[in-house]
Amino acid sequence: MIYEVTKERFWYFAAAAAAVYLLTPGKKTQTEARDFDSFLVVQNDVPTGAVRSGGGPFEEFLIDSDERDSVVFETFLKSHGSGAKPTMVKKVAEEAIEELPEPHMTKVVVMFGTEYGFSKEVADKLASQMKEDGKFWPVLVDMAEHGKGYDFTNVQAALVVCSTQGDGVPPTEARPFCEWLFAGNSGPLANLNFSVCALGDKSYTHFCKCGKTIDASLEAAGANRIAAHAEVDKENWPLINTWMSSVMSELPKLGLRSFSETGESIQASTKKDAGPRPWGKSRPYPAKVVALEGLCKVDSEADKNTIRIELDLGDSGLTYLPGDALGIYPFNAPSVVQDLIAALGVPPSYEVQTPSFHYEEAVHYIGSSLSKGSKAPLVEVLTKCFDLRSPKASIFDLVSETPKPTANGHAKGHTKKPANGNTNGCANGITHPPSLSELKSDAVLCESYLSQRHVADILRDFPAAKLSPEALLGALRQLQPRLYSISSSPLEGSSKVQATIAEVKYSCLGKERIGVCSTLVADRIEPGQEVPVYIHHNPDFRLPSSSSTPIIMVGPGTGLAPFRSFILERLLQEKPDPTEAKAGEMVLFFGCRRSDQDYLYGDVLEQWRKDGDITLFTAFSRQQTQKVYVQDRLQESAELVWSLLNEKGGHFYVCGDAGSMAGAVELVLLKIIADNLKGGDATTAQKYLDEMSSTGRYQRDVWFS
């Protein structure tokens, strides 16, 4: 591990815990005392309409020899300066001796496909149970590492855990493996016994689709199902445990052969250093911020802001297509980290182990670069590795039954609705803590309670007699990257990428809350600094192969982002051959509150309309007495929409909120189809739309906020 000991780079973390640190008993060293100025942080927001860009005087402001006060954000994110290339961080030597199975044990493959880590968590728990049993030897297999397929020839049993993403697709990095399996490329699997735990979210239409398709594909290949697949909603551990118990009880009945019987080698594996991984989710690229621009007019607390961020992907080799997303690994805000450390009552320098799930750091973003398995200050690990807002329900096993109904403002517990309409679970929620027994026995109550609180709030509601940081970290989730639809076209500049990010700020239980990544972009980074990013490919949201095909796009708010990319891509493409069909019509339905406040890229959209590049329909919901939404404009344009879809084979796209907007748009679309089909009704309209979906003519990129 490499540590930077300069004041500017090491003491960032003290900013996150200054108040706690100063209250910690004990004499401070001379160095600690004289570096108090490093505890201070200046946060500069993005002014409305202003663009912050790299170069010029700002680069001079970041030089290491600057003698001014160290209250600049360079203490948060290290910039390498002009021309510097990212370097690999030294890895901690692996000294642990590899654990080996006993000859009497039977090998069982435990395979997982994960997007956010939960499938791996389930697989790890199952593997631990198998090891404790002593009869079986689990071999963990990550689908992400087997994109070209997996050889099941000599596998007697495989237990599979896999999640489903969005509208029924596999986890991003597991997708190549899943497509290989779904295509029937595994060959006959009569030798294989299996069971599948399918993870999903019932909020989405295609609940657990990926896991169910894996189950069907293995069966179709002739494999023997030893236990029915489980369909798990979110983190339903009782159901997961039931599935685990079922497969554990069935395995001994199969008569599987042990290592000694199969003659399979049980020698230690020889791992070769294949060099650095390619840039991606596990090893994000340190992209330099080129520009930050506020897109909204913010005059009051009720107004929301949206930021355009532009990043340079340099010589990373990362590429994208319109429809893809930018993954950004955020850092928790110093105030949130400080709050939790205060609740724990330990110094920020307390050392804990870096979790194994942490991504590979290529540069020193903040403090020192963390390395899996190594020790690091608690403040660093909390800042970069853990979600401090949504803990696991197991946190209630660590605290004591001493609720304080008036703590954290619960007595008055009012929730102010945020400007962006996202209450983050706070609307009509619980304003005082129930008892631990109630929370442990009522899953719905538990979910509602946890959705409103940060980890620090829970520790204050139920203070433990003595809770170690190590025990607490075991109840915290991984800090996940945030995905934002890319709003630029690669034709604008091969190494640049842009995203459009709505700032999230709201009030809950009398406390001001902030979005982890959106406020990092809006308030806590500057041009010239680096943030860890990767490209999240989205092959299910693509432009038609022919530029002559009409496209209809519905994207209110930041749902506009991928359509800005679509439009730019078509406008920047080489003009089609005169003998070919004319470029397809582009129709955009955009909505926001007011044309003078949050009309994102309004000037550009209006110019495109004026030039005849697009047909634009706008819905400004708060600009008149009667609220108007994109679905209303869609209904008003039914004749045009049906003509483009039915007569010209147009493609229909929706991006944005899955909670209400996407469903409302689909209902209007179904009505348009039913009204125009000969003898059309709800059933035939749905069949028509299903056919559009299966052929890629109806595509959605939607999410629940």
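The charged end of Arg-564 sits over the ring of Tyr-601, at 4.3 Å from the ring centre; for such an arrangement, NZ of Lys or CZ of Arg must be within 6 Å of the ring centre and within 35 degrees of the ring normal. The structure is a predicted model in which local features need pLDDT of at least 70 and side-chain atom pairs count only at pLDDT 80 or more, whereas totals for chains, interfaces and linings use all residues. Residues are numbered from 1 along each chain as its sequence is written, and side-chain values use heavy atoms, with hydrogens and water left out.

Tyr-601 itself lies in the loop between strand S21 (586-592) and helix H18 (602-610). Helices (H or I, at least four residues) and strands (E, at least two) are DSSP runs, numbered from the N terminus. The phi angle of Tyr-601 is near 55°, a positive value in a residue other than glycine. With a relative accessible area of 11%, Tyr-601 is buried, where buried denotes under 20% relative accessible area, exposed over 50%, and partly exposed the range in between (1.4 Å probe, protein chains only). A positive phi of about 55° also occurs at Lys-234, which is not a glycine. Lys-234 is placed in the loop between strand S7 (230-233) and helix H8 (237-250) and is partly exposed, its relative accessible area being 37%.

Overall, the protein contains 22 helices and 24 strands. Of its 705 residues, 50% are buried. The accessible surface comes to about 31,900 Å², and carbon and sulfur atoms account for 51% of this area; accessible areas come from the Shrake-Rupley method with a 1.4 Å probe, and for residues only the protein chains shown count as cover. Among contacts (heavy atoms within 4.5 Å) with a separation of 6 or more, 79% join residues 24 or more positions apart.

The largest nonpolar core comprises 35 residues, of which Leu-340, Leu-382, Leu-388, Phe-396, Leu-472 and Leu-476 touch the most other members. A nonpolar core is a set of buried Ala, Val, Leu, Ile, Met, Phe, Trp, Tyr and Cys residues joined through side-chain atoms within 4.5 Å. Two or more residues of this core are given by each of helix H10 (334-344), helix H11 (378-384), helix H12 (436-441), helix H13 (443-452), helix H14 (455-461) and helix H15 (469-473). The greatest contribution, 5 residues, is that of H10. When residues up to four places away in sequence are not counted, Leu-388 touches Asn-332, Val-336, Val-337, Leu-340, Leu-382, His-454, Val-455 and Leu-476. Another core, of 32 residues, lies apart from the one described and includes Leu-311, Tyr-359, Ala-362 and Ala-499.

Tyr-359 is also 7.4 Å from Pro-284, C-alpha to C-alpha, although the two residues are 75 residues apart in sequence. Pro-284 belongs to the loop between helix H9 (259-262) and strand S8 (285-294) and is buried, with a relative accessible area of 0%. Met-661 is located in helix H21 (residues 661-676) and is buried at a relative accessible area of 8%. Apart from neighbours within four places in sequence, Met-661 is in contact with Pro-556, Val-630, Val-654, Cys-655 and Gly-656.

A total of 22 aromatic pairs is present in the structure. Rings of Phe, Tyr and Trp (its six-membered ring) pair if their centres lie within 6.5 Å; planes under 30 degrees apart count as stacked, over 60 as edge-to-face and the rest as tilted. The pair formed by Trp-279 and Tyr-285 is edge-to-face because the ring centres are 5.0 Å apart and the planes are at 80°. Tyr-285 is buried, with a relative accessible area of 6%. Elsewhere, Phe-541, Phe-563, Phe-566 and Tyr-653 are linked into a cluster by ring pairs.

The structure holds 0 disulfides, a disulfide being a pair of cysteine sulfur atoms within 2.5 Å. For Cys-178, the closest cysteine sulfur is that of Cys-210, at 3.9 Å, which is too far for a bond. For Cys-210, the closest cysteine sulfur is in Cys-162, and the separation of 3.7 Å is likewise too far for a bond. Cys-178 is buried, with a relative accessible area of 0%, and Cys-210 counts as buried at 2% relative accessibility.
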